[in-house]
Amino acid sequence: MTENIAGLSPGQQQLLNTWLPGAEVVTDHSWGLVGTTVLELRHGTEHYILKAGDGNDHHLAREIRAHHRWLRPWTSIGRAPELLGADRRAKLVVTRYLPGRLVEGTEDEHRPQTYRQAGRLLARLHGQESIDDPGFEAREQEKALLWLDQPHRIAPGVLARLRRTVQSWPTPPSRLVPTHGDWHPRNWLIHEGTVSAIDFGRADLRPAFTDLARLCAQQFRANPPLEAAFLDGYGADPRQQEAWHRNRIREAIGTAVWAYRVGADQFEQQGHRMIAEALADDPHRHGPR
């Protein structure tokens with residue numbers, strides 16, 4: 001039987017004992033800002049990754065759905081971890097270990113070839129299916145306003161402008177595809193020059209361009225050739241000017257408010273910078289406010 005592991009509920013521990021009896025913890029990969037435990041386990045000669053959510057977790061259900069519905073284009077070529085066991089009620093996922101190191105913080109984060117591969121991978125995910133959704137933009141508009149109602153450190157004048165801007169948006173129909181939701185080097189592995197994908201807790205049906213949001217706010221902003229390589233791999237540029245601008249505003253608001261809530265000061269500063277840049281780039285900035 002597996003020894004009791006810190007961070008797991010009794011129900012999660014019982015499931016793990018059933019799936020991988022006698023498994024041992026090798027490394028704790030938990031991020032620390034959210035209540036998700038991420039552990040590398042050894043069972044016999046094999047390694048696995050365990051993810052366990054706490055009572056406030058909303059990511060594990062999306063991760064499980066992604067494994068069941070959308071990851072086959074990646075797992076079939078060894079570019080995403082294969083699912084061993086999942087229980088939505090217990091908020092527990094175990095996958096086979098995928099070799100590699102995180103791209104973020106390494107020299108590979110600055111190499112165009114990394115982004116070219118990431119673009120190709122993303123195109124495989126997005127290309128599986130698409131649906132037309134008349135309500136996506138309205139739902140996202142409502143979410144943005146709810147974010148602004150939460151505690152944050154957005155300056156009053158900026159807050160008022162954000163509210164006016166969001167409330168003024170049209171809500172046209174959207175074409176949705178399977179998206180990763182957090183697509184950037186912290187969620188890419190590289191092994192022997194090959195890029196793979198991990199962490200599907202934000203996977204959902206969204207417009208394709210939403211998966212470029214984190215990259216554009218970070219790596220592309222500092223190094224435009226990385227953007228060119230990514231789009232070369234992806235095969236097109238999915239961004240549509242006005243819809244893309246609305247998404248930039250939403251991402252900026254969510255980043256600033258969420259980072260303040262969890263005490264991630266550097267990420268919060270990035271959110272405020274994203275807000276300022278998105279407002280400055282408003283395609284209607286020369287018209288009435």
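A salt bridge is taken here as a side-chain nitrogen of Lys or Arg lying within 4 Å of a carboxyl oxygen of Asp or Glu. The structure is a predicted model, in which local features need a pLDDT of at least 70 and side-chain atom pairs count only at pLDDT 80 or more, while totals for chains, interfaces and linings use all residues. Residues are numbered from 1 along each chain as its sequence is written, and side-chain values use heavy atoms, with hydrogens and water left out.

By the salt-bridge rule the count comes to 26. In one of these pairs the side chains of Arg221 and Glu277 meet at 2.6 Å, N to O. Arg221 belongs to helix H8 and Glu277 to helix H11, so that the pair links parts of the chain 56 residues apart; helices (H or I, at least four residues) and strands (E, at least two) are DSSP runs numbered from the N terminus. Arg221 is partly exposed at 47% relative accessibility, and Glu277 is likewise partly exposed at 25%, where buried means under 20% relative accessible area, exposed over 50% and partly exposed in between, computed with a 1.4 Å probe on protein chains only. Salt bridges that share partners also join Glu137, Glu140, Lys143, Arg246 and Arg250 into one network.

A further salt bridge is formed by Asp199 and Lys51, whose closest N and O atoms are 3.2 Å apart. Asp199 lies in the loop between strand E10 (194-197) and strand E11 (204-206), whereas Lys51 lies in strand E3 (residues 46-53), so the pair ties together parts that are 148 residues apart in sequence. Lys51 counts as buried, with a relative accessibility of 12%, while Asp199 is partly exposed, with a relative accessible area of 27%. In the salt bridge between Arg69 and Glu129 the closest N and O atoms are 4.0 Å apart. Arg69 is located in helix H2 (residues 60-69) and Glu129 in the loop between helix H4 (112-126) and strand E7 (131-133), so this pair ties together parts 60 residues apart in sequence. Both partners are partly exposed, Arg69 at 43% relative accessibility and Glu129 at 30%.

The packing of helices was examined next. Two packed helices are described by the angle between their axes and the distance between the axes. Axes are lines fitted to C-alpha atoms, for helices over the stretch in contact, and angles run from 0 to 180 degrees between N-to-C directions. Helix H10 (residues 241-262) packs with helix H11 (residues 265-280) at an angle of about 155°, the axes being 7 Å apart. H10 and H11 are therefore roughly antiparallel to each other, given that angles under 35 degrees count as roughly parallel, over 145 as roughly antiparallel, 65 to 115 as roughly perpendicular and the rest as oblique. Residues of H10 including Ile249, Ile253 and Trp258 take part in the contact with H11, where the partners include Phe267, Met274, Ile275 and Glu277; contact means heavy atoms within 4.5 Å. By class, the contact of H10 with H11 has 12 nonpolar, four polar and four charged residues, with Ala, Val, Leu, Ile, Met, Phe, Trp, Tyr, Cys and Pro counted as nonpolar, Asp, Glu, Lys and Arg as charged, and the others, Gly among them, as polar.

In the pairing of helix H5 (residues 136-148) with helix H6 (residues 156-167), the axes come within 10 Å and cross at roughly 165°. H5 and H6 are therefore also roughly antiparallel to each other. Gln141, Ala144, Leu145 and Leu148 of H5 meet Leu159, Leu162, Arg163, Val166 and Gln167 of H6, and by class this contact has six nonpolar, two polar and one charged residues.

Individual buried positions complete the description. Phe220, in helix H8 (residues 219-222), is buried with a relative accessible area of 3%. Not counting residues up to four places away in sequence, Phe220 touches Tyr115, Leu215, Leu226, Glu227 and Phe230. In helix H9 (residues 224-234) the buried residues are Leu226, Ala229, Phe230, Leu231, Gly233 and Tyr234, and these pack against H4, helix H7 (213-217) and H8. Asn247, placed in helix H10, is buried with a relative accessible area of 5%, and touches Phe209, Thr210 and Ala213 when residues up to four places away in sequence are not counted.
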